[in-house]
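Here is a short report on salt bridges, nonpolar cores and a surface patch.

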Amino acid sequence: MAYIVVLNPLIIGTVADKTGQFLGDGKNPNIALVAAATAFAAGILTIIMGVFGRVPFALATGLGLNAFLAFGIASQMSWEDAMGLVVLEGIVIAILVVTGFRVAVFHAIPAQLKTAISVGIGLFIALIGFVDAGFVRRMPDASGTTVPVKLGALGNGSLTGWPTLVFVVGLLVTAFLVARRVKGAILLGIVGTTVLAMIVEAIGKIGAQTPDGSNPNGWSLNVPAWPKNFIELPDLSLLGQFSLFGSFAKIGGLAAVMFVFTLMLADFFDTMGTIVGVGRQANLVQEDGTVERTKEILLVDSLAAAAGGAASVSSNTTYIESAAGVGEGARTGLASIVTGVLFLLAMFFAPLTEIVPFEAATPALVVVGFLMMTQVKEIDFSDFETAIPAFLTIVLMPFTYSITAGIGAGFVSYIAIKVFRGRARDLHPLMWLVGALFVVYFALEPIKSLLGLG
């Protein structure tokens, strides 16, 4: 999960708001400021999850939500106002947990759809690993092909560049260690691949990928070389820079409510999928598909969303990468406490994040994706009534690059098939409500246009 300390500042720390200001009220990006606050929030909230949730689930700024916040919301208001919306969204979800509504929705979902969510997330994070490593790449618009992605930098199925080789070696070594049931296999894979990457860079002087595409075979995210500084005192002045209702005055109440609704839906169901997926890996899911201590877990997660906004680092959520720890044997909240403490230490050792390139970190994502994919055997594919929604859930997560889109498609198709087969009475009342919310979610842009908000 350490990558979020680097990625979150790159996503929200490099985008100016409508006033031209960057996070921290500056005219220029302050990556270190955002990184310190990101690690601080993740550390405190993960420790809270370990103490009160008693599960090995770690929390940090949610990818996807932070991008939506940066490019979809902050462009229409100040960063303080945007973070205020995140706080409101977290408060609303916390209320839904306290009233029992969120837990009831969680329990109303058929067990096989929950399994499909877990499998879909596995494929999704594996795809993220392949793409971030440059093993699979997006085809440029001028390529003259309708194929969206292909293998390698050249797009002709040929792998080129030393960083790609480092990724392949790292993947094979990590897979071998996992297959041999070696303790710490995933961590050993990351450390070993990073050392290999540093050696390759020291010899070959490969350098980083460039924005203009002139060095397509360079390292992505970081160049594996020793940083200038190993330790720095963290600057936490970003904490508390939010305006709870400032957005209502800037863009109007209805538009602000729609933004909160969009954030809430994504946060609501992404977390649910993560809890099911990681919970199954940790053997915390019971026979009826429910997870032990669901209410406590969801309450901490909901408050984390609000806390992330209050810390000006975007909504914090339970991380699917918790499965990496579970894969190494984590079963209790002690794992989360240790992870949280290490996040707090990361505030001081932020320069070390510059050592690990994507090519060294992403083999772990691919292997964890495999581990989650193994649960597909629990889905009865002979029962088309459930299998088709499960299939849509699984494939649309990686194909749309969205966990929420996959869950929504699965839910809506499940309800539609039940209705078409005359079995609507079998549906839980909350499934109807969740399905209606997802229909609104998918039709959000037409609704905004109809209301004059588009």
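The sections below take these topics in turn.

## Basis

This is a predicted model: local features need pLDDT of at least 70, side-chain atom pairs count only at pLDDT 80 or more, and totals for chains, interfaces and linings use all residues. Residues are numbered from 1 along each chain as its sequence is written, and side-chain values use heavy atoms, without hydrogens and water.

## Salt bridges

The structure holds 6 salt bridges (a side-chain nitrogen of Lys or Arg within 4 Å of a carboxyl oxygen of Asp or Glu). Asp81 pairs with Lys250, with the closest N and O atoms 2.6 Å apart. Asp81 lies in helix H4 (residues 79–98) and Lys250 in helix H9, so the bridge ties together parts 169 residues apart in sequence. Helices here are DSSP runs (H or I, at least four residues), numbered from the N terminus. Asp81 is buried at 3% relative accessible area; Lys250 is exposed at 55%. Buried means under 20%, exposed over 50%, partly exposed in between (1.4 Å probe, protein chains only).

A salt-bridge network links Glu385, Lys418, Arg421, Arg423 and Asp426. Within it, Glu385 bridges to Arg421 at 2.6 Å between the closest N and O atoms. Arg423 meets Asp426 at 3.0 Å, N to O.

## Nonpolar cores

The largest nonpolar core has 63 residues; Phe57, Ile121, Ile407 and Phe411 touch the most other members. Another core lies apart from it, with 26 residues, among them Ile12 and Leu33. A core joins buried Ala, Val, Leu, Ile, Met, Phe, Trp, Tyr and Cys residues through side-chain atoms within 4.5 Å.

Conventions:
Helices (H or I, at least four residues) and strands (E, at least two) are DSSP runs, numbered from the N terminus.
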